[in-house]
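Please read this briefing alongside the sequence and the 3D view.

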Amino acid sequence: YLAEVFQRCVDLEKLLIRALEPKVLLRAEVSYDQRHLAKKAGFTWNDAIKGAWSRRMSRRDMEKLEFPVHEVDFS
């Protein structure tokens, strides 16, 4: 299986480097009517943050979202 991955994935090194980027916990700032945007972007409701749409992702990917988000720091 691993040999197939190496054969099919031309940019494997770039993908691995991006996967190793630090992730931050984000809270989506969407209204009830816009909740489909958060869900479509992979955010989950009431999971890491009670009563909110949240997801861990890199800051690079955060810039591509169609809605505002806030970084959450639990420390």
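A salt bridge is a side-chain nitrogen of Lys or Arg within 4 Å of a carboxyl oxygen of Asp or Glu. This is a predicted model, in which local features need pLDDT of at least 70 and side-chain atom pairs count only at pLDDT 80 or more, while totals for chains, interfaces and linings use all residues. Residues are numbered from 1 along each chain as its sequence is written, and side-chain values use heavy atoms, with hydrogens and water left out.

**Salt bridges**

- A search of the whole structure finds six salt bridges, and one of them joins arginine 27 to glutamate 29, with the closest N and O atoms 3.7 Å apart.
- Arginine 27 is partly exposed, with a relative accessible area of 34%, where buried means under 20%, exposed over 50% and partly exposed in between (1.4 Å probe, protein chains only).
- Arginine 60 forms a salt bridge with glutamate 21, the closest N and O atoms being 2.3 Å apart.
- Glutamate 4 pairs with arginine 8 in a salt bridge whose closest N and O atoms are 3.1 Å apart, and arginine 8 is exposed, with a relative accessible area of 69%.

- In soluble globular proteins, nonpolar side chains tend to be buried together.
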